[in-house]
Protein chains: 2
Amino acid sequence: MTEIAFTKSNTLGIMPPEEQLGFGKYFTDHMFTMDYDPENGWHNPAVIPYNEYSVLPAAMVFHYGQAIFEGMKAFRTEDDRIIVFRTKDYLARFNRSADALCIPNIDIDVVTEGLKKVIEVDKAWVPTKVGTALYIRPFIIATDPYVGVKVSDTYKLFILLSPVGAYYAAGFNPVSIKVEDKYVRATLGGLGEAKTPANYAMSLRAQEEAKKEGFAQVLWLDAVERKYIEEVGTMNIFFKINGELITPDLVGSILGGMTRRTVLELAKAWGVKVSERRISVEEVFAAHEKGQLEEVFGTGTAAVISPVGELSWKGKKITINQNQTGDFAKKLFDTVTDIQYGKVEDTFGWVDEVTKI
Amino acid sequence: MTEIAFTKSNTLGIMPPEEQLGFGKYFTDHMFTMDYDPENGWHNPAVIPYNEYSVLPAAMVFHYGQAIFEGMKAFRTEDDRIIVFRTKDYLARFNRSADALCIPNIDIDVVTEGLKKVIEVDKAWVPTKVGTALYIRPFIIATDPYVGVKVSDTYKLFILLSPVGAYYAAGFNPVSIKVEDKYVRATLGGLGEAKTPANYAMSLRAQEEAKKEGFAQVLWLDAVERKYIEEVGTMNIFFKINGELITPDLVGSILGGMTRRTVLELAKAWGVKVSERRISVEEVFAAHEKGQLEEVFGTGTAAVISPVGELSWKGKKITINQNQTGDFAKKLFDTVTDIQYGKVEDTFGWVDEVTKI
């Protein structure tokens, strides 16, 4: 077992009331950090006070975007255990993102150990209400103080913890989505399947324009033909057409979401017909025309399941399931969250008790 | 005129011998900074010691890549004046990049004032030998401490100064370039025309693989058809075919380089036939086959002109101009640098004396 250094914060914060948490605004008292250099590899694992970080303005992350991140969650169960969802799977994806950005892989066991330690130290920050969670943000940045394009020699890893409120505090609210036909998020041969800042920088203009037009998010199309569906702003997307659950296959420009994988595994276990394949906007609109488009929903770590009530493409708008949350989306949401909050037995091996990971 | 605050550094560094400068490794004693928030806009312009910057690890730049930069140069003339090349043109591009990343525009006059002040304070760091320069790195980062994808409300601007050595200390050295057919840098509808970290993050894997194969850089193709030439790793590209100077037109996925523009303006002034148009790799290889490919060279702020001696595409390699620097490339290099070092009169209005800008 790796020795994780610990420096206790002198000042401890107070968690706001759970209904005021929102998303990503508050951070716990401590964070986990680790350093990388070529001589020592990843070293110096430590839980330290969450505080300002001093870095030279020449650090490469500011200039050339060599960085990756993850987004995971821990939950407090009714019997007061704290569990993390799919720890190793998220951290394995972290290493796949690292490969895409030429960043040295982490030792998943050491980082899991650090994660466990920082959650234990800050366990008072794990909210209690159903729907709330402790959002976990591991990230790595390139730190060489050098203003020329190259792969950095040095890196810093952080894990931040942020208590977050219930995404659906006011109940499920199907969203209106714009099929984006001007901007492109990612292309084959690019970084679309990595969780890296570049992909999110790409999305800002489109997201701003869609918001002004009254849409919650955009649905990205492929860069080449501009007809095949890729993913939503911060979620993967699923279509239930004539009883079949369809989601775009991971061709290389799409992020392989962990909730996407969870949904696929659940649906298969339930005996639902599941297809990961290319699907065009035209096919979706044609299915709607024929009355076969039963449900559309996004999947992501933040919302788990986000029902889509309207899809707009080149000015044409379709309404899905009378703008109501579908039964299948609801069943998925309930099952995933029941497992996450320890209400039902996890037969998939998805949850890790913090005291046991 | 804007009041620029000034805090003098307590410790002054010593510039290494000019032949040891290299590129982007050393920084001067001071930097220019400015802050943005919605209430005050861009405010607090200041020349302060170059030092570590304290920032919350939750700052959005680390997670979502909302950032832009520029790369400019100042030169010391033989009669000891310091001149900056195309100041307003670079800063106008900085604002175009800002638009693409949803970052509030800067006031070019205020930033020019700050640039002038920080160069004056650190003027001892402007090297003297021909070929050396003071590299100028303005950049802006998103600073909201928030881990959710959105446009930041707050930003910080920096201008760093870095004395750099002669790029061609040992004389022109034509480079070997790989036409990249696996990875893609940018796509229409993406951020290719902005100077933003995302584009450089995209390039790392391809650049690493090309380096291992013995190439200096990669030549990017378009994302859709994978046949039209876009740009080199950190340069724009020009072809001289049968007396005509050809460079890809700025379709939206290509950075509009300042040296590219300088070369186009010079060539037109000289009466050379110039085309900005789509050009495929096939056309270039066919021109070589017919003996009409006279010269190939890259253009960029760092190298000014970088002759290309070899081009390799899908395993087929062509040698250009016997792997020697062409006369046209040489004439361009000499003319641009003569203007930059104040050796000949600037009839284009490109140079700004620091004491006069």
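## The Nonpolar Cores

In this predicted model, the largest nonpolar core holds 180 residues, and those touching the most other members are Phe62(A), Ile119(A), Leu157(A), Phe62(B), Ile119(B) and Leu157(B). A nonpolar core is a set of buried Ala, Val, Leu, Ile, Met, Phe, Trp, Tyr and Cys residues joined through side-chain atoms within 4.5 Å. A residue is called buried under 20% relative accessible area, exposed over 50%, and partly exposed in between, with a 1.4 Å probe and protein chains only. A second, separate core has 24 residues, including Val179(B), Leu219(B), Ile279(B) and Val281(B).

Which residues does Ile119(B) contact, leaving aside its neighbours within four places in sequence? They are Ala74(B), Ile82(B), Val84(B), Leu134(B), Ile136(B), Leu161(B) and Val354(B). Contact here means heavy atoms within 4.5 Å.

## Conventions

Residues are numbered from 1 along each chain as its sequence is written, while chains are lettered from A and ligands numbered from 1 in the order in which they are written. Local features of the predicted model need pLDDT of at least 70, side-chain atom pairs count only at pLDDT 80 or more, and totals for chains, interfaces and linings use all residues, while side-chain values use heavy atoms, with hydrogens and water left out.

## Relation of the Two Chains

Two residues illustrate contacts between the chains. Tyr50(A) lies in the loop between β3 (41–49) and β4 (53–55) of chain A, and it is buried, with a relative accessible area of 17%. Not counting residues up to four places away in sequence, Tyr50(A) touches Phe27(A), Thr28(A), Asp29(A), His30(A), Met31(A) and Leu160(A), together with Leu56(B), Pro57(B) and Ala58(B). The C-alpha atoms of Tyr50(A) and Leu161(A) are separated by 9.3 Å, although these residues are 111 residues apart along the chain. Ser203(B) belongs to helix α4 (residues 197–212) of chain B and is buried at 8% relative accessibility. With residues up to four places away in sequence not counted, Ser203(B) touches Val149(A) and Trp220(B).

## Two Crossing Helices

Two packed helices are described by the angle between their axes and the distance between the axes. In chain B, the axes of helix α5 (residues 258–269) and helix α7 (residues 327–340) come within 11 Å and cross at roughly 105°. The two helices, α5(B) and α7(B), are therefore roughly perpendicular to each other. Angles of 65 to 115 degrees count as roughly perpendicular, those under 35 as roughly parallel, those over 145 as roughly antiparallel, and the rest as oblique. Axes are lines fitted to C-alpha atoms, for helices over the stretch in contact, and angles run from 0 to 180 degrees between N-to-C directions. Helices (H or I, at least four residues) and strands (E, at least two) are DSSP runs, numbered from the N terminus.

Thr262(B), Val263(B), Leu266(B) and Ala267(B) in α5(B) meet Phe328(B), Leu332(B), Thr335(B) and Val336(B) in α7(B). The residues of this contact divide into six nonpolar, two polar and no charged. In this division, Ala, Val, Leu, Ile, Met, Phe, Trp, Tyr, Cys and Pro count as nonpolar, Asp, Glu, Lys and Arg as charged, and the others, Gly among them, as polar.

## Positive Phi in Two Loops

Most residues other than glycine have a negative phi. Asp80(B), which is not a glycine, has a positive phi of about 70°. Asp80(B) is in the loop between β6 (72–76) and β7 (82–85) of chain B, and it is exposed, with a relative accessible area of 53%.

Asn323(B) likewise has a positive phi, near 60°, in a residue other than glycine. Asn323(B) is placed in the loop between β18 (316–319) and α7 of chain B. Is Asn323(B) buried or partly exposed? At 31% relative accessibility, Asn323(B) counts as partly exposed.

## Further Sites in Chain B

Gly257(B) lies in the loop between β14 (244–247) and α5 and is buried, with a relative accessible area of 9%. Not counting residues up to four places away in sequence, Gly257(B) touches Arg93(B) and Asn236(B).

Val110(B) is in helix α3 (residues 108–121) and counts as buried at 13% relative accessibility. Leaving aside neighbours within four places in sequence, Val110(B) is in contact with Thr2(B), Ile4(B), Phe32(B) and Met34(B).
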